[in-house]
Amino acid sequence: MRVLGDGLIACVPFTAVVWASFLWKPRLWLHSLPADIQAMAPPKTAAERTTTLWMGAVVLACFFGIPILMTWRLNAESCPARSTPSCRNSRFLSASLR
């Protein structure tokens with residue numbers, strides 16, 4: 001049951017950000033469409049390019065940030081005192097997440 005909950009925690013924010021941005025300004029995702037459709041659309045404005053960069057940063061933060069935070073949480077819950085060998089070997093992961 002925990003896997004299902006964690007999967008939802010990982011998927012829902014990412015999906016919400018992508019769909020919200022697509023519904024808000026679909027031209028932000030113009031670069032993801034086939035070349036013939038891109039050719040039919042006028043070029044992006046400077047404001048659209050800036051917004052695309054910001055939304056890309058938010059999408060990447062969701063895509064990488066949520067799994068990193070969930071891994072950190074799992075590591076903290078399963079190895080509170082770092083007493084077992086497998087927990088001691090996970091110091092690299094913990095150090096890289098700080």
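**Exercise 1. Is serine 21 buried or exposed, and what is its relative accessible area?**

Before the solution, note that this is a predicted model, in which local features need pLDDT of at least 70 and side-chain atom pairs count only at pLDDT 80 or more, while totals for chains, interfaces and linings use all residues. Residues are numbered from 1 along each chain as its sequence is written, and side-chain values use heavy atoms, with hydrogens and water left out.

*Solution.* Begin with the place of the residue: serine 21 is found in helix α1, where helices (H or I, at least four residues) are DSSP runs numbered from the N terminus. Next apply the cut-offs, by which buried means under 20% relative accessible area, exposed over 50%, and partly exposed in between (1.4 Å probe, protein chains only). Serine 21 has a relative accessible area of 2%, and therefore counts as buried. Finally look at what surrounds it: apart from neighbours within four places in sequence, serine 21 is in contact (heavy atoms within 4.5 Å) with Pro26, Leu28, Trp29 and Met55.

**Exercise 2. Describe how α1 and α3 lie against each other.**

*Solution.* Two packed helices are described by the angle between their axes and the distance between the axes. Here axes are lines fitted to C-alpha atoms, for helices over the stretch in contact, and angles run from 0 to 180 degrees between N-to-C directions. The axes of α1 and α3 cross at roughly 170° and come within 10 Å. Angles over 145 degrees count as roughly antiparallel, and α1 and α3 are therefore roughly antiparallel to each other.

Now turn to the residues. The buried residues of α1 are Asp6, Val17 and Ser21, and these pack against α3. Take valine 17, which counts as buried at 19% relative accessibility: leaving aside neighbours within four places in sequence, valine 17 is in contact with Met55, Val58, Val59 and Cys62. The C-alpha atoms of valine 17 and valine 58 are separated by 7.8 Å, although the two residues stand 41 residues apart along the chain.

**Exercise 3. Find the salt bridge and say which parts of the chain it joins.**

*Solution.* A salt bridge is a side-chain nitrogen of Lys or Arg within 4 Å of a carboxyl oxygen of Asp or Glu, and by this rule the count comes to one. Glutamate 48 forms a salt bridge with arginine 27, with the closest N and O atoms 2.8 Å apart. Since glutamate 48 lies in helix α3 and arginine 27 in the loop between α1 (2–24) and α2 (35–40), the pair ties together parts that are 21 residues apart in sequence. As for accessibility, glutamate 48 counts as buried at 17%, whereas arginine 27 is partly exposed at 24%.

Definitions and conventions: Helix = DSSP H or I, 4+ residues; strand = E, 2+ residues; numbered from the N terminus. Parallel < 35°, antiparallel > 145°, perpendicular 65-115°, else oblique.
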